[in-house]
Amino acid sequence: MTGRAARWSSSIRARGGSPARRRRGTEAGAVRKGDLPQKTCAACGRPFAWRRKWARDWDAVKFCSDACRTGRREAARARQGATGKPRRGA
């Protein structure tokens, strides 16, 4: 390699590799999803992790999604149980 390509290659190596090869989430202060606090949804019983948009009222959060909060998930399960098959599309 000569000239421009050699300079580009050496500067990429100095920064730790190409952006595509660098691992995401390793910056200082990054938190892995497994390290975040978790709760269990009051409607479906599935675990869900803390989200930044819930930071102010994490103590008040009870449901994992709007579907669980409004009862749509329970209604969908009731429809599924009546027909015996899951619904396709929507």
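Colleague: How many helices and how many strands are there in the protein chain?

Modeller: Helices (H or I, at least four residues) and strands (E, at least two) are DSSP runs, numbered from the N terminus. In this predicted model, the protein chain holds three helices and two strands, and along the sequence they follow the pattern α-β-β-α-α. Residues are numbered from 1 along each chain as its sequence is written, and side-chain values use heavy atoms, with hydrogens and water left out. Because this is a predicted model, local features need pLDDT of at least 70 and side-chain atom pairs count only at pLDDT 80 or more, while totals for chains, interfaces and linings use all residues.

Colleague: What percentage of the residues in the protein chain is buried?

Modeller: Buried means under 20% relative accessible area, exposed over 50%, and partly exposed in between, with a 1.4 Å probe and protein chains only. Buried residues make up 14% of the 90 residues here.

Colleague: Where is Lys33, and is Lys33 buried or exposed?

Modeller: Lys33 sits in the loop between helix H1 (4-14) and strand S1 (38-40), and Lys33 is exposed, its relative accessible area being 62%. Between Lys33 and Trp50 there are 17 residues of sequence separation and, C-alpha to C-alpha, 8.6 Å in space.

Colleague: Which residues does Pro47 touch, not counting residues up to four places away in sequence?

Modeller: Contact means heavy atoms within 4.5 Å. On that basis, and not counting residues up to four places away in sequence, Pro47 touches Gln38, Lys39 and Thr40. Pro47 lies in strand S2 (residues 47-49) and is exposed, with a relative accessible area of 58%. Pro47 and Phe63, 16 residues apart in sequence, are 9.6 Å apart in space, C-alpha to C-alpha. For the protein chain, of the contacts with a separation of 6 or more, 12% are between residues 24 or more positions apart.

Colleague: Which kinds of residue form the lining of the largest pocket?

Modeller: On a 1 Å grid over the protein atoms alone, a pocket is an open set of points where a 1.4 Å probe fits, with protein on both sides within 12 Å along at least five of seven lines, and lining residues have an atom within 4 Å of a point. Ala, Val, Leu, Ile, Met, Phe, Trp, Tyr, Cys and Pro count as nonpolar, Asp, Glu, Lys and Arg as charged, and the others, Gly among them, as polar. The lining of the largest pocket divides into five nonpolar, one polar and six charged residues, including Trp54, Asp57, Phe63 and Cys64.
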